[in-house]
Structure formats: structure tokens, C-alpha cells
Amino acid sequence: PEKIYLFDVKINVQTDGSINITESITLNAKHQQIRRGIYRDIPVSFGNQLGSISLTMDGQTRPFFTENKGRNLRINFGNNNYIPQGRHTYSFNYTYKNAIKFFKNYDELYWNITGNDWNFVIDKARAQVNLPANARVQSENISLYTGRTGAKESNARQVGNLTFETTHPLSYREGFTIAVPFDKGAVE
């Protein structure tokens, strides 16, 4: 069936509060819903900007275009040409400005790893977070969420130093979100 086998994300937090992200999305295309490619919706609002976008499929540079969809910026992977049926891996790289949330006693990376707009199953989602060298993580307060928007389920676990993964497949319109708090001072 058409599905995402693995949604693997690497997040590098910068000292200016931006994040550099690489999403590797391995999927199966059967020309049912995945014909010309897929799209990824990223929330953008005042102060949050997406930049430095690049995209490959199976190691080859691929075209993409963007469009505004309400509070999201939609990145359409592909063009009018159909992609071959079968297994493919997209590598989507981008920068997101002003990603860190600042609270009185800590700062936090709160990020929806997969988004919640997929029309098919995601077998596994994984995220690796790299914080600035001087950041001290408040490990006891890390939160992991899975499910539809607003859900508080936690079918996920920490499997290494700031590496997280789902423990069950994500169904239609379900996502995976992480909240990683750290002491103030590591990010401007």
C-alpha cells in the first residue's frame, strides 16, 4: 500500500534560535495518492520563516514549489511529471527561524516532527536533536506526543541521547511531536 515507511528527522538547534532540519521520508508510491510527489505543510506565522530549502529524491535534485495554505507554507515535492511507482526516499532540508520558545525558567524546542496532514500511515517516525554545545537538557521534562492534533498520547520513547522514535505506526492524520526543554543561556 501507499505509505511512509520511515520519517527520519535531524534537527540542529542554532544559538540564534533557528533550527536546521533534514527530513528523510521513505515511502511507497503506487499512483493512488502519490503520483507526482508529496507535499509537506510547515506552520509559519509572524517571525517564523522558512528558508534555505533543498530537495532530493533518491539522491537526485528534485523540483519543488511553495504555496500559502492558511497558516502553513506548503512545499510541493515535484512538478507535473509522475514519479516512478515503488519505494523512494526524499531528503528535504530547510531552515526555520525563531523556532525556540522562551519561558521564564527554561527554553524549549517544541516541534511537530511529521506534521498531521498525511493521508496514509507512517510506519515509524524518528527524530534526533542536536543542541548547542553549552545547552543543558532538562531530561526529566522532555515530552513526546503522538496522535491527531491536540492529542496527549505518547506512543513514543527516547532511544538515545536526544533521539526519539514512535513505538506504533501513525494512522491517517496522526503526527509525532517532541518538546525538549533546556536551561536558559544556550540560545539568544
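**Exercise 1. The hairpin of S6 and S7**

Task: In this predicted model, determine how many residues lie between S6 and S7 in their hairpin, and describe the phi of Gly70.

Solution:
1. The hairpin formed by S6 and S7 has two residues between the strands.
2. Gly70 belongs to the turn, and its phi is positive, at about 65°.
3. S6 covers residues 64–69 and S7 covers residues 72–77; the two strands pair in the antiparallel sense over six bridges.
4. Within this pairing, Thr66 has Ile75 in S7 as its bridge partner.

**Exercise 2. The open sheet**

Task: State the order of the four strands in the open sheet, and identify which strands are at its edges.

Solution:
1. The order is S9-S10-S15-S12, with antiparallel pairing.
2. S9 (100–102) and S12 (143–147) are the edge strands, since each of them pairs on one side only.
3. On average, neighbouring strands of this sheet are turned by 20° against each other, direction ignored.
4. S9 and S10 (residues 107–112) run antiparallel and are joined by three bridges; the bridge partner of Phe102 in S10 is Asp107.

**Exercise 3. Thr146**

Task: Decide whether Thr146 is buried or exposed, and find which backbone nitrogen its side chain reaches.

Solution:
1. Thr146 is located in strand S12.
2. A residue is called buried when its relative accessible area is under 20%.
3. Thr146 has a relative accessibility of 3%, and therefore counts as buried.
4. The side chain of Thr146 reaches the backbone nitrogen of Asn155 at 3.0 Å.
5. Beyond its neighbours within four places in sequence, Thr146 is in contact with several residues, including Ala151, Thr166, Leu170 and Phe176.

Conventions
Residues numbered from 1 in each chain as written. Predicted model: local features only at pLDDT ≥ 70, side-chain atom pairs only at ≥ 80, totals over all residues. Heavy atoms only, no water. Pairing = 2+ DSSP bridges. Axes fitted to C-alpha atoms, helices over the stretch in contact; angles between N-to-C directions. Buried < 20%, exposed > 50% of the residue type's maximum accessible area, 1.4 Å probe, protein only. Polar contact = N/O pair within 3.5 Å; in protein donor to acceptor, adjacent residues only side chain to side chain. Contact = heavy atoms within 4.5 Å.
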